[in-house]
Amino acid sequence: MRAAGGLGSVQEVVYRHLFDGMTIAVGGFGLCGNPFDLIEAVRDSGVKDLTIVSNNMGVDGKGLGVLLEGRQVRKVVASYVGENQLFAQQYLDGDLEVEFTPQGTLAERLRAGGAGIPAFYTPTGAHTSVAEGKPTMEIDGRIYLLERAIVADLSLVRAQSADRAGNLTYRRTARNFNPVVATAGRVTIAEAEQLLPEFIDPDAVETPGIYVDEVVVASPRKKEIEQRTTRRAAHVDA
């Protein structure tokens, strides 16, 4: 595992692993847990014809949305894309191929890829359009679909902490798709808020360093919120 810090270093680390037509898996849920620096390095590289595997495609101008702006994405494998208008426009124009996958199935396809399991059966999506073209099997009277695992050429994840061995921890909701994305890449780059001088307690490790090839230190930035929802505090009589 190699560690790097600084914008120039982030670009150098990412550029080493990029090529046109590759598949990139990216952690995050909405804008939570997005590896923003790594995504922007991919944008700046100009690499194109990408297949992006992620829970969603960010929003317009933020997160993975910046790759859509540069028309660098050919195909998206995702479970939810409702917050990105540019995504919808490119899809309706026929410029973007989309493979919708139920959220739990997407997580398991990534986990299976990291575990070396080529495919698995699931009842999710049976008797719907999700089942079109997929092998099925009846087990105990129920129809199951055969879903292929996902192994990405490159995985990009966001962690709260990393140590010198590449072990990672995540902060709260950022532990969404990041752990399964980290294991599913042939090469995995982690963007960490802090690089610790000591090793993380083994009991606290959430992604073992064996899955992580390189670590970069994230640049300081305001944490993005996809949608802010508030309400008045309830009035309580004394």
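**Asn167 and the fold around it**

The protein has 6 helices and 12 strands (DSSP runs numbered from the N terminus: H or I of at least four residues for helices, E of at least two for strands). This is a predicted model: local features need pLDDT of at least 70, side-chain atom pairs pLDDT 80 or more, while totals for chains, interfaces and linings use all residues. Residues are numbered from 1 along each chain as its sequence is written, and side-chain values use heavy atoms, without hydrogens and water.

Colleague: Why does Asn167 count as buried?

Modeller: Its relative accessibility is 15%. Buried means under 20%, exposed over 50%, partly exposed in between, with a 1.4 Å probe and protein chains only. So Asn167 counts as buried.

Colleague: Where does Asn167 lie?

Modeller: In the loop between strand 9 (152-162) and strand 10 (168-169).

Colleague: What makes a polar contact with the side chain of Asn167?

Modeller: The side chain of Asp163, at 3.0 Å. The cut-off is a pair of N or O atoms within 3.5 Å; within protein, one must be able to donate a hydrogen and the other to accept it, and residues adjacent in sequence count only if both atoms are side-chain atoms. The backbone nitrogen of Gly209 also lies 2.7 Å from a polar atom of the Asn167 side chain.
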